[in-house]
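Work through the exercises below with the sequence and the model open. Try each task before reading its solution.

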Amino acid sequence: MKEYAILLDSTNCTGCNSCAYRCIQEFQYHDGASRGNFRTFVQINDEGLYHRRCMHCLEPQCVKNCPVSALTKSAYGPVLYKIDTCIGCQTCVRVCPFHIPQYDATTKKITKCSLCAHRVSEGKEPACVEACPTYALQFGEYKAIMAEARDMAKKKKLNLYGLQENGGTHVFVLAEEDPVKFGYPKVAKKDLKKKAAFDGDLGIPAIAALTVVGFKKFSERRSRIEAEEKKNKE
Amino acid sequence: MDNGNKRITELQSNAAIFNLLAQAFNYPDTDLIESLCAGDFTRVLREASGNLNFTGSLLSQLADLEKIYSGSGKVKETLLLEMEKDYTHMFFSSKPRLVYLFESVYKEGKLLQDSTFEIARLYYDAGLNLVDDFKLPPDHIAVEFEFMSYLYFNEIAAVKKGNRENEDYARNLRKEVLEKHLVTFGLAFAQKVTMNAGTEFYKFMAGIAIAVLSGNR
Amino acid sequence: MEEKFKIPRRSFLKLAGATGIATAMTAFPFRNMQAAWAFGDHPQEKPPYQINKKVLQVCARACEIDCAYKVVVGVDPATGLERALTIEGRPEDPISHGKFCIKAMGFVDAMYNPDRLMVSLKRTNAKKGTDSDPGWVVMKTSDAVNEVIERLKTFKPQEILFCSPGDPYTNRLCQSIGATRSDQRTECFGTHYYTNCLAITNPPNKFYSSTYTPSHQIVGYDYDNAKYQVWFGFDSFSKCGKAGALNHIARGKKNGCKIVMFNPVRTPMADGYAKEFHAIKPGTDLAVSLAMIQTIMAGKKYNVDFLKKYSDATALVNLDTKMPLKDANGNFQAWCTKDKKVEPIDECHAPALEGAFQGEFNGEQVKVKTVFQLLREDTTTYTPAWAAPLCDVPAKDIKRIALEFAAAAPRSFIPTLKRDAAGPNYSNSWRLRHAINILNSLTGAIDHDGGILLHHGVKIPWLDDIAPIREPYPEQPAEPVDFRNEFPITDNIYRKKDFSAPGHYGMVGFGMYKTNRAKAVFFRNPHRGLLSMIQPQMAEAALEKMGLVVDWNLYLDDVGYWCDYVIPAPHQYEEAKLDLRLYYPKNPCLVGGVPVQKSPSDQIGWGSFASKIGLALAPKYWTTDGSGDPKKLIPMNLSDVAVQQAGAAQNSAEFIKKGGFWIDNKPYVDYKQLQEIGYGRPNGRVRLYIHEFIEVGFDPLPKWAARWQGSEGKFKFSLLITRAAWHMHADPNFINNPVLKQVTEKNFMDCVWIHPEAGKDLGIAEGDLAILENNPDYMKDLPRPVKAKVHLTKRVARKDCVLLFHGIGHRAKNLKVAANFGYRDGDLIPQKDPKLLKKNDPMGMGWVEDVHVSIRKA
């Protein structure tokens, strides 16, 4: 199975957040986003643009620590999340060195990127990559993307984030300044240990079934009405 | 009254109640005000709610309603304008919007969402579609009430004819409408109307909706 | 359901009331539903939901670019219900290249916004205003339209104001009635549009089109192939989201283009795309551009060939009258250096570029100079050393930039498309726009690959083209409420050349408040919060006294407080479209779109509404034979004619069937388009010397002038305005979207931004509330200070500025998300007083960013 990664050249990003909104429409999670929970989001900070999104670590702490195996590492890159298995314990929120999983108190679930596993299974790029108007996001095979990231960093004298942070990730960020200066968490660098953290229990077709756009379950909607009523009473 | 007749009466009363709820939560018009002033509306309501054993307080409010519409001496045009303003204010123009008419707004926060598609599918399964003149989304509360009334109506017809298949089909459909749509949406809607209505009519009909939907929960 | 089971609902109630439910329940009283088949005969087939329908659309109203894309729609084949989910790009579109922006996606969700106006509303309580209950009642839209028409009939044409862009239907309507049309594009596009008209396009020209593009813009920029660009405030936050431009700018960067940006605000565009950034003093871009002209002239770095062949640089100006010499046919004259005499410019083989001459013209001796000579003389003193202290940009940098710009020519340009922070939107911005045109002409960048591209080769007709009028339209009002008659330059273009030209909307509030010229106001306002424009206070107060106010809109927005009727409009994705690729007009191109869904409201489209009003109020202009017979309504199939004329298809339906896309891939021929549309066509030229300015007391060539409102005492913060990439004009499509509200707040764009040191001086910390006020010497009527949260940020690169975000601050409390969201920047900008404006701007367009405000902690 091929292994994939994303390259974010933040010197091309304009902070338009088209990636964020396209992601919301892909997964139809407008409600969660309107409570402030985004799978991906661009924060326009003084020194640069911080993309808050799952780095898809090679050795994810969230996967290692999840008590119910709701989080798994797939062979092709993404850290995947099974919403039905999740018990809302927030262990992942606490252990992620990049502070990525966001807990939604209304649904008692977390929000994080899946690298658009269902699209990848259809041979498409992740929705955010396809939408990016300045080609700041690229998607491809892990090794090729890593090589390009290294090459661009060297040629253009850019900082490369994500290569060694937490022992390596499937998202590479290029920036003129040190990304930590404009919002990326300072995460301990470790030698790149490329070993499979893949659980092997969830292939692409299974994920595709979980993430098809549209037509949600009744139970989710009921919680929305209850949340709304609670808000009105407050 | 034997069990068969009792059941039919109950089904008829439910059909009538949902029908009145549908009439009530459509935009008010001269038909509605005339049936209210002539006492037809409240007579049907009294009979149906009596058959369904509604509580005394609702029935006493019904008497108040009768006084407003058939005994106040107010001209029909004035009464209708009051209702029109109240309806428009609550459902279309209030600041902020006090009550939304559509199920998907409650469930998904937007118009024309999954719940809209699902209820429209149920109309389709029952052989119905919307008249061309109805231009709003199909998960309008009045349409869902009308649909419930239609399902009761067909259940009665099936019972009378001994058509077991249709009877089961109608019963299952209305259960699905209630459980997956109206119990949540309809109750939330009715509670908001109770809190925000300016006229006794809408407050009272919201109370009826709560009674019906709670009873069926 | 068999017919015998149906019963009218009134009869049911009557029957049930009289005889009891049991008797009545023999038939079913349908109201909103009908039976398609008998109950129980339910279909065995259950077709699955499909989410693969993709509907062609073209963006309209979100910005000037108009990207083509597809709207992805979920469909239930059983019920016919559809719901749009997202957008997919069209890579074949030369503008978008398969990209689309966050606003386009926001429009998808706007179709399902629960606050969308679903029904027509009529006011029953006479008192208007934010504090009065309108007593709205619902009407059938067809009835409401008829009532509106009857009410309009009671006013004189000159008393009616249509607040609307100049689309084909509005143009015909206002002209046929003799009513004023004014629209909100004044501040956005006005200076740019009119300067282009005066310098290049001289409308109407052969490609003058009716399109959905809000600017009637014919000039595009070849970002992809340029080697050098100079941006004066062009890198606004709103630009950060314009996918149709960004993909080109990104290609340009990849191709090695150098972009120099002048802006007191450092935007993410500057982070990623500026090779050089200067935190210029606001309102002084003109000084830089004049110094660039001086440097290029002094160093002889101009393109002599272009100037002689394609501009009026060699045209002679009579020194006594200051007017260009023109023969009976209106042709420019040049001085022939061989024959030593005045000759028609197109026939002169050796025109002098510079010099003063004396010769005979039309039998009289005249003293003349060339336009180029006058430009040199006018700009001699504008050296970089002169400009530096004015604008806080080092002289050596200005000089170097001018020379680099000239060296890269003709693949270099200065864009100026639209306002934004420090961009061309203060009252001397007309001079800046003029100076930029001159710079682009000096280097030969106009109508050249890698420079400024001109639209050509295709046209979408106007209604008057396909349904010619049988007698002249009535006169337009002599004294319109927007005072446009006080500005002869723009008035002449509007009345005689291009009725769709931007109106003087910035004076509408002033006119309504200070005069009784308008008594009925019709807002054609489908996707905009019109009261987000400058100082809405006057408009609000004035609307209270109007005899009739109508809004045709997608939302009951803040205009609704003053409306007698609000009529629902379709969403932009619920309309068919045909568009040209004006933003990047490298190739003639047509693109079409079709409705994504049937509107879920009781709406009426603008074409239908306008033609109903037209038929009632000016029937002879709306019928083919002038009879007024509604059956003889004029044809309105502009799209059919356009695709036919282009040879793309027989009609628009066939065009869509073929993919809704037509492009003529012939290579761009440099300088050809200019000849076809410029002044003096068929040998058209760009004009440097605009004599129309002399006629209204201004200079025909740009000269330095200070801003009309300076820094005074505590009013020392220069007001800069920009917009989040996902907002526009307090448009409920975006600000009533709860997700976009989150994106705004997380990026502090609901705050006012000041430099951290300015905050320190004022004793204001991050997140504090502050009050902003305009100088009362300028804000003489109805001041309304702004109260807002403060964000301290070094992105505001100077201590003497404050950055506000346009597009929030909606006042309509009925909008669940938009209500009380942010502040309204327009409250701080005084309404345009025509007397003051006339002293500063011959076209009366710029105004917004001349303002200085005070800031104090709340």
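Two strands pair if DSSP finds at least two bridges between them. Helices (H or I, at least four residues) and strands (E, at least two) are DSSP runs, numbered from the N terminus. This is a predicted model, in which local features need pLDDT of at least 70, side-chain atom pairs count only at pLDDT 80 or more, and totals for chains, interfaces and linings use all residues. Residues are numbered from 1 along each chain as its sequence is written, while chains are lettered from A and ligands numbered from 1 in the order in which they are written.

**Exercise 1.** Find the pairing partners of strand 21 of chain C.

Solution. Step 1: locate strand 21 of chain C at residues 548–553. Step 2: strand 20 (residues 520–524) of chain C pairs with strand 21 in the parallel sense, over five bridges. Here Val521(C) faces Val549(C). Step 3: strand 22 (residues 565–568) of chain C also pairs with strand 21 in the parallel sense, over four bridges. Trp552(C) has Ile567(C) as its bridge partner.

**Exercise 2.** Is strand 21 of chain C mostly covered or uncovered?

Solution. Step 1: a residue is buried if 20 or more other C-beta atoms, placed from the backbone, lie within 10 Å of its own, exposed if 12 or fewer, and partly exposed in between. Step 2: five of the six residues of strand 21 are buried, and the strand is mostly covered.

**Exercise 3.** Describe how chain C touches chain B.

Solution. Step 1: 51 residues of chain C are in contact (C-beta atoms, placed from the backbone, within 7 Å) with 64 residues of chain B. Step 2: helix 1 of chain C gives the most to chain C's side, six residues. Step 3: strand 1 (residues 128–130) of chain B and strand 1 of chain C run antiparallel, joined by three bridges. Leu128(B) is the bridge partner of Ala35(C).

Notes
Contact = placed C-beta atoms within 7 Å.
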